[in-house]
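Dear colleague,

Please find below the structure I promised to hand over. My notes on its salt bridges and its domains follow it.

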Amino acid sequence: CSGEGCAGSAILAGFDDAVADGVDVISVSLGASPYFRPDFSDDPIAIGSFHAVAKGIMVVCSAGNAGPDAATVVNAAPWILTVAASTIDRYFQSDVVLGGNNTAVKGGAINFSNLNKSPKYPLITGESAKSSSVSDTESASHCEPGTLDASKIKGKIVLCHHSRNSDTPKTEKVGELKSAGAVGAVLVDDLEKAVATAYIDFPVTEITSNAAADIHKYISSTSEPVVTITPTITVTEYKPAPVVAYFSSRGPSPQTPNILKPDVAAPGVNILASWIPTSTLPAGEEKPSQFNLVSGTSMACPHVAGAAAAVRAWNPAWSPAAIRSAIMTTAAQLNNDGAAVTTDSGSPATPYDHGAGQVNPAAALDAGLVYELGEEDYLQFLCDYGYDASQIKLVAASLPGGFSCGAGGNASDSKDLISGLNYPSIAVTGLGKAGGTRTVSRVVTNVGAQQEATYTVAVAAPAGLDVKVVPGKLEFTKSVKKLGFQVSFSGKNAAAAAKGDLFGSITWSDGKHTVRSPFVVTI
């Protein structure tokens, strides 16, 4: 791989080597851009992972870092376990202390500030430090390079706004302030507040716009505002956590809206990990650290690969689908405050944000029931996706004897059949055009310690959507390990209740195990 990405041939060679080595799990922290998403037959990750899964190897992939925009999830093939990113209960806090009454305004970033603990440094806003040769006040308020007068910011702490999508990168912006003689900076950034940027030896912290309002109020109350920035402290057991990271790519998958993606979320923000130093510094300078704090679904993916390895270690004969099912159906929906998980903007997290929920590795070791899938199921998926035999061979290389796609029908109708894939979650699109009703089937396998077990169902459905599960009870015995059920969605009243997506869940329980499947229905 290089800065431009990874050659498809190199990705496929990597899969080939891993398969030849006899690995149990492949963790793939790679993905195409959602804006240049290849189809399955052209996607080296989809193709390589298909062959690995066909040989019983679990493949776990990043969902992508193009959030919070909808429909940005990648690596969405149903044979892949697709991972979103969430925060952990650790926060790197660096506050702004205001002059006057020494009020602390909470901020977050990583800096080893050597500023005086007393607020004694003059504070100036980017807007007030605008160069006379610049007419754009907005750019100056964002401290864009070339917009500020160096003489106005020398020896001062500068308050700058920041917008991820349109501004110069933060570290570049801060570098220019440092070169101009500023002693520190406070950046206002609502979107990226959960991801700690490492400014190291220059005092910088980041605050929300609500916190900035307190600073602006202080500025307007005095003719000579002074502040200081405190060095970072690590706050543990931080609440609420987890929250879904802003950058984590969101569902639905434009390729396969009838497969709910991503599958689960896992820690992917400010993850401390070993790191190969890439920079060489002049003699006498500190050596680059062999550790780094990195954020991205690339960090979340290996957490789930580790959980998958644990499940496989306990159940060496399990298929990749069974392992994925155990991880998905035992995922958590509550944060450490006991409330429903949210996104970092504060809105309730939906299955498009974090799939079945936050990975719970210990619970996945005792799932109770699993949803099984095999190679022929994935081949049938490609048929329903609209591929003919020659296209399927681009993914699968060869077809088993006797396999054919059948008579088929029109492409949109066959894509609706994808909802019937025995997946641990359910996605149904176009309920309105189906006359307001759709029924999908699922089969579960009892893998619990008790061979004789009775599971009853509980449905959580949104207003306007009628969801029925038949039968409502599953009775497993020594000889009956697999049982099927049907889920009927009726949305005749749903059009008024919601235009768009309706979310809910179906949960089977025997009193010990809780086997939960999220669903999304699009009217």
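Arg 438 and Asp 416 form a salt bridge in this predicted model, with their closest N and O atoms 3.9 Å apart. Because Arg 438 belongs to strand 20 (residues 437-446) and Asp 416 to helix 13 (residues 411-416), the pair ties together parts that are 22 residues apart in sequence. Both partners are buried: Arg 438 has a relative accessibility of 12%, and Asp 416 has a relative accessible area of 17%.

A network is also present, in which salt bridges that share partners join Lys 170, Asp 189, Glu 192 and Glu 206. The count for the model comes to 12 salt bridges.

Two further pairs deserve a description. Lys 261 forms a salt bridge with Asp 263, and the closest N and O atoms are 2.8 Å apart. Lys 261 counts as buried, at 0% relative accessibility, and Asp 263 is likewise buried at 0%.

The other pair is Asp 201 with Lys 178, where the closest N and O atoms of the salt bridge are 3.6 Å apart. This pair links distant parts of the chain, 23 residues apart: Asp 201 sits in the loop between strand 11 (198-200) and strand 12 (204-207), while Lys 178 is in helix 5 (residues 170-179). Asp 201 is exposed, at a relative accessible area of 53%, whereas Lys 178 is partly exposed, at 40%.

Turning to the domains, the assignment for the protein chain gives domain 1 as 1-86 + 240-366 and domain 2 as 91-235. Their C-alpha centres lie 34 Å apart. In the interface, 10 residues of domain 1 are in contact with nine residues of domain 2. The two domains bury about 810 Å² between them, and 59% of this area is on carbon and sulfur atoms. On the side of domain 1, the residues that lose the most area to domain 2 are Tyr 246, Asn 270 and Asp 344, which together account for 61% of what that side buries.

How many salt bridges and polar contacts are there between domain 1 and domain 2? The count of salt bridges between them is zero, while five residue pairs are in polar contact, both residues at pLDDT 80 or more. By class, the side of domain 1 that touches domain 2 consists of five nonpolar, four polar and one charged residues.

With kind regards

Note on methods. Residues numbered from 1 in each chain as written. Predicted model: local features only at pLDDT ≥ 70, side-chain atom pairs only at ≥ 80, totals over all residues. Heavy atoms only, no water. Domains from an automatic or database assignment. Contact = heavy atoms within 4.5 Å. Buried area = accessible area lost by both parts, 1.4 Å probe. Salt bridge = Lys/Arg side-chain N within 4 Å of Asp/Glu carboxyl O. Polar contact = N/O pair within 3.5 Å; in protein donor to acceptor, adjacent residues only side chain to side chain. Nonpolar A, V, L, I, M, F, W, Y, C, P; charged D, E, K, R; others polar. Helix = DSSP H or I, 4+ residues; strand = E, 2+ residues; numbered from the N terminus. Buried < 20%, exposed > 50% of the residue type's maximum accessible area, 1.4 Å probe, protein only.
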